[in-house]
Amino acid sequence: MNGLTVKLGFVGTGGIASFHIKNLVQMEGVELAAFFDTDAQRAQKAASEHAGAKAFSNLDEMLDGSKLDGLYICVPPMAHGEAESKAIERGLPFLVEKPLGLDRGVPEEIARRVAEKKLLTAVGYHWRYNDTMAEAKRLLAESRTGMALGYWMGGMPMVPWWRVMKGSGGQFVEQTTHIVDLLRFLCGEVTEVYAAYALRDMDRQVPGTDVPDVGTVTFKLASGAVATVSNTCLLPVGHHVGLDVYTDRGVLEVRGNELKDITKTETRSVRNVSNPYYVEDEAFVHALRTGDSSRILSDYADALLTHEVTVAANESAAGGKPVAISSGAKEGAGA
């Protein structure tokens, strides 16, 4: 590393990459040096917006020729694997966007290799970086959780790969994964899932759609608590996204912009002030610069546990039976 300057590269320069780029350019001592995209024009456009940056049409050339300190991997679910593998081969730390893939195979292999290399990683579960999360965890530590209800109720992102299972893995894997991760972060590990999905209308609205547009998943947790997370992408309006946790002291309503603590005597709201994407990016840059990864709240190994839960939900919906989560069962045995 050149002094305190952190040189970063991007694999993928689409919508989610732009969130990170906007944050990183505000940070002192961060250089956006290299951009790769399967769309060469898009990579060139991204590079042209940053002094000294280069666009690449060959990923190996970028990784071998740019002297990067860290890599952002911002690709659709079906495209995961190659960039992570090449980063691991070179011992290059990376932040990868969720979900980790379409199924179990590629993410489990990447996780194994990351662990072998003891490689610094981060995963884009930005809800964990909301200001209110520490307060939510504090309140839940003082309570006995009975159950939780989660929601992602809205419309369908109109990008072609999202509408097909072989592109996105479906709404539960690609989008509702944030709520599943929030459930794990606040309430502990999942031991079993039982899912019911259906495709009710979006194949009529957008021919060629095969992702289910409604679904409900029931969870058993290692703690003994239960939960349900439901989603839909058939609505013409955004409706409800968040997690409600029911405890012996009241209700915690967790939303993207606030936490509401409802007890017998009062209802108290705590607003998020910080941009969680910025806090997430700052944690990764800090780790690259100092080696201190304590601010990273989701690394690859932890994110794999969330991914396995969402994939198990898909398997349950397809097979019509409950699916056990081995990692959650182990957590329960040790609790």
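Reader: Which residues is Asn272 in contact with, once its neighbours within four places in sequence are left aside?
Author: Contact means heavy atoms within 4.5 Å. On that reading, Asn272 is in contact with Asn130, Asp131, Thr132, Arg255, Gly256, Asn257 and Glu258. A word on the source: this is a predicted model, where local features need pLDDT of at least 70 and side-chain atom pairs count only at pLDDT 80 or more, while totals for chains, interfaces and linings use all residues. Residues are numbered from 1 along each chain as its sequence is written, and side-chain values use heavy atoms, with hydrogens and water left out.

Reader: Thanks! Where is Asn272 found, and which backbone nitrogen does its side chain reach at 3.0 Å?
Author: Asn272 sits in the loop between strand 14 (267-271) and helix 11 (276-290); helices (H or I, at least four residues) and strands (E, at least two) are DSSP runs, numbered from the N terminus. The side chain of Asn272 reaches the backbone nitrogen of Thr132 at 3.0 Å and that of Asp131 at 3.1 Å.

Reader: Is Asn272 buried or exposed?
Author: Buried means under 20% relative accessible area, exposed over 50%, and partly exposed in between (1.4 Å probe, protein chains only). With a relative accessible area of 14%, Asn272 is buried.

Reader: On to charges. How many salt bridges does the structure hold?
Author: A salt bridge is a side-chain nitrogen of Lys or Arg within 4 Å of a carboxyl oxygen of Asp or Glu. There are 24 salt bridges here. One of them joins Arg90 and Asp64, whose closest N and O atoms are 2.7 Å apart. Arg90 lies in the loop between helix 4 (82-89) and strand 5 (94-96) and Asp64 in helix 3 (residues 59-65), so the pair ties together parts that are 26 residues apart in sequence. Arg90 is partly exposed at 30% relative accessibility, and Asp64 is exposed at 56%.

Reader: And which residue forms a salt bridge with Lys98?
Author: Glu174 does, with the closest N and O atoms 3.4 Å apart. Lys98 lies in the loop between strand 5 and helix 5 (105-117), and Glu174 in helix 8 (residues 171-174), so this pair ties together parts 76 residues apart in sequence. Both Lys98 and Glu174 are buried. Elsewhere, a network of salt bridges links Glu135, Arg138, Glu142, Arg249, Asp261 and Arg268.

Reader: How many residues has the largest nonpolar core?
Author: A nonpolar core is a set of buried Ala, Val, Leu, Ile, Met, Phe, Trp, Tyr and Cys residues joined through side-chain atoms within 4.5 Å. The largest has 34 residues, and Leu183 and Phe219 are among those with the most contacts inside it. Helix 9 (residues 177-187) gives the most to this core, with seven residues.

Reader: Last one, the rings. What angle do the planes of Phe172 and Tyr197 make?
Author: Rings of Phe, Tyr and Trp (its six-membered ring) pair if their centres lie within 6.5 Å; planes under 30 degrees apart count as stacked, over 60 as edge-to-face and the rest as tilted. The structure holds seven aromatic pairs. The centres of Phe172 and Tyr197 are 6.4 Å apart and their planes lie at 40°, so the pair is tilted. Phe172 is in helix 8 and Tyr197 in strand 8 (residues 190-198), 25 residues apart. Phe172 is buried at 3%, whereas Tyr197 is partly exposed at 24%. Phe172 also forms a stacked pair with Phe219, at 6.5 Å centre to centre and 25° between the planes.

How values were computed
Polar contact = N/O pair within 3.5 Å; in protein donor to acceptor, adjacent residues only side chain to side chain.
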